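Please open the model in your viewer and keep a selection panel at hand. The stops below proceed by selection, each followed by what is to be found there.

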Amino acid sequence: MSRDTSKPPNGLRVLIVGGGVAGLETMMALRAIAEERVDIELVAPEPQFWYRPLAVAEPFAAGHAGAFELAGVASAYGTRFTLGALASVEPERHIVRTTNGLELPYDVLVLALGARPEQALKEGLTFRGPADVGAFSRLLFALEEGEARSLVFAIPSATAWPLPAYELALMTAKHLGDRTDEVRLALVTPERRPLALFGAAASDALERLLEERGIALHAGKHAVAAAGGILRLAPTGELPFDRLVSLPRLRGQPIPGIPHDRHGFVSTDASGRVRGLDDVYAAGDITSFPVKQGGLAAQQADAVAESVAARAGAPITPQPFRPVLRGLLLTGGAPAYLRSEITGGSGEASTVAAEPLWWPPAKIVGRYLAPFLAEHVGLTAASARPADPCAVVVDVALKLATDRAAVEPGSVTSVQGER
Ligand SMILES: Cc1cc2nc3c(=O)[nH]c(=O)nc-3n(C[C@H](O)[C@H](O)[C@H](O)COP(=O)(O)OP(=O)(O)OC[C@H]3O[C@@H](n4cnc5c(N)ncnc54)[C@H](O)[C@@H]3O)c2cc1C
């Protein structure tokens with residue numbers, strides 16, 4: 001079924017595929033910079049955007065992974081929203097096909113499909129986000145009831161965002177309190193030192209905190225297999241466990257018509273243009289950039305938006321993607337704000353602070369998305385000085401009605417639903 005194209009579009013036709021962090025940031029930045037010079041359409045296979053970072057806080061009743069309707073946000077930004085999953089691209093014809101039979105034309109295509117979380121270890125719970133909160137809560141209950149005596153957290157692959165594993169481990173230790181003497185907690189990571197990407201100061205602070213909370217750290221170790229309650233490590237070693245929680249391995253989504261690497265990721269230049277294709281861009285976890293993080297996805301999206309806006313005639317000199325890593329680590333006590341410029345060097349430009357290093361102090365930092373979430377979804381990220389430093393509440397206060405219907409332009413609707 002091909003879309004009626006008899007009505008000429010208003011400006012450069014930009015088709016954004018993916019309604020996650022990179023897709024939304026691209027849409028917001030593009031509208032802000034290119035204004036009416038672009039005609040934007042957003043395509044996603046599900047009607048909601050899920051704010052995944054707070055999934056780690058949910059089992060501890062310290063936050064909630066909220067969601068909101070994409071159609072409402074799109075309409076607030078003068079964007080058409082189309083429900084559909086990308087099936088293939090025909091770059092020569094400037095056409096995208098969806099799995100439900102739509103043919104969508106574009107002048108410029110932005111791929112923001114994210115990555116697919118895969119189970120890396122055969123045993124244990126793979127914590128992918130909101131969908132696994134229930135399973136993790138049950139596991140926590142089993143520890144409280146004495147049904148399990150040891151819990152190992154594993155980061156099996158370097159191509160992942162490691163922060164959630166540390167957050168779950170630290171919050172579990174805090175939650176169990178004195179009972180950590182009865183429950184052995186351990187964390188396995190291939191990183192040389194914990195959160196080494198953020199530099200030595202962050203690793204020092206985290207090592208201290210893990211030790212204080214009684215979490216045994218196995219750094220520089222790859223969790224390669226789990227069977228019969230034993231986790232095998234490479235290059236050497238093994239760890240027994242009653243319960244195992246691992247992060248997923250991330251993979252790209254090979255799209256017919258788009259060049260990709262052997263893991264399905266798409267290679268781009270510094271402006272986000274897909275190598276080998278003039279009118280196709282990509283941003284976020286789908287790209288071959290090795291660190292998969294929401295803040296970086298948003299920075300890539302900003303570079304894409306600037307480049308596309310310049311093509312549409314906006315008076316802007318596009319800036320390339322220069323990654324700055326910002327992480328808000330939930331600990332079950334006072335949160336830590338981490339910042340580092342990814343230079344490929346030793347991370348000297350890194351900072352660790354108890355006070356917010358950016359504003360609003362959100363977990364996903366996007367120039368346009370973070371203020372939007374703060375204003376419309378009432379995202380009140382960890383306060384700098386919580387009244388009770390042991391009870392930091394990171395809350396997505398769903399200020400807006402949960403009614404899925406009527407969405408006024410300029411507003412969004414938050415929803416609860418399938419994750
Ligand atoms: C538990 C957890 C905690 C995290 N914590 C943080 C944090 O504290 N800070 C941080 O910065 N990052 C965090 N991240 C990482 C962050 O969520 C991701 O890096 C970020 O969402 C990537 O953005 P993206 O737009 O590339 O992909 P996503 O946000 O995953 O969005 C992908 C979009 O593409 C859509 N899509 C998928 N397939 C198709 C298809 N075939 N056709 C069309 N659309 C498709 C999806 O439905 C979705 O709308 C966390 C992740 C998890 C899982």
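Begin by selecting the shell around the ligand, whose residues divide into 19 nonpolar, 11 polar and 6 charged, where Ala, Val, Leu, Ile, Met, Phe, Trp, Tyr, Cys and Pro count as nonpolar, Asp, Glu, Lys and Arg as charged, and the others, Gly among them, as polar. This is a predicted model, in which local features need pLDDT of at least 70 and side-chain atom pairs count only at pLDDT 80 or more, while totals for chains, interfaces and linings use all residues. Residues are numbered from 1 along each chain as its sequence is written.

In all, 36 residues surround the ligand, and the closest are G18, G20, G114, G284 and G294; a residue is near a molecule if its C-beta atom, placed from the backbone, lies within 6 Å of it. The elements that give two or more residues to this shell are α1 (21-34), β2 (38-44), α4 (163-176) and α6 (294-311), with helices (H or I, at least four residues) and strands (E, at least two) taken as DSSP runs numbered from the N terminus. Now colour domain 1 (12-45 + 84-115 + 252-322) and domain 2 (118-249 + 325-380): the ligand lies between them, because both give residues to its shell. The domain bounds come from an automatic or database domain assignment.

Next, colour the whole chain by pLDDT, the predictor's confidence in each residue, from 0 to 100. The mean is 87, and 86% of the residues reach 70 or more. Over residues 380-419, however, the pLDDT is below 50, and this stretch has 97 contacts in the model beyond near neighbours in sequence, a contact being two residues whose C-beta atoms, placed from the backbone, lie within 7 Å. Switching to a cartoon view, you will find 7 helices and 26 strands.

Select the open sheet of 5 strands, which runs in the order β11-β18-β12-β13-β14 with parallel pairing; two strands pair if DSSP finds at least two bridges between them. At the edges stand β11 (125-126) and β14 (215-219), each with a single partner strand, so one side of each is left without a neighbour in the sheet. Strand β13 (residues 184-189) is joined to β14 by 5 bridges in the parallel sense, and within this pairing A186 has A216 as its bridge partner.

Move on to strand β15 (residues 222-227), which runs antiparallel to strand β16 (residues 230-234) and is joined to it by 5 bridges. A225 stands opposite R232, and in the hairpin, which has 2 residues between the strands, G228 takes a positive phi near 55 degrees. Strand β16 is in turn joined by 3 bridges to the antiparallel strand β17 (residues 238-240), where L239 is the bridge partner of L231.

Which residues does H222 contact beyond its neighbours within four places in sequence? They are P156, P190, L233 and A234. H222 itself belongs to strand β15, and is partly exposed because it has 17 other C-beta atoms within 10 Å; on this scale 20 or more means buried, 12 or fewer exposed, and anything in between partly exposed, with C-beta atoms placed from the backbone.

For a further set of antiparallel strands, select strand β21 (residues 324-329) and β22, which pair over 6 bridges. R326 has R339 as its bridge partner. Strand β22 (residues 336-341) is mostly covered, 5 of its 6 residues being buried, and it also pairs in the antiparallel sense with strand β23 (residues 351-353) over 3 bridges.

The last stops concern the backbone. Most residues other than glycine have a negative phi, and most peptide bonds are trans. A cis peptide bond joins A234 and P235, with omega about 10 degrees, and P235 is found in the loop between β16 and β17. Another joins W359 and P360, with omega about -5 degrees.

Finally, select E35, which is not a glycine and yet has a positive phi of about 50 degrees; E35 lies in the loop between α1 and β2. H94, likewise not a glycine, has a positive phi of about 55 degrees and sits in the loop between β6 (86-90) and β7 (95-98).
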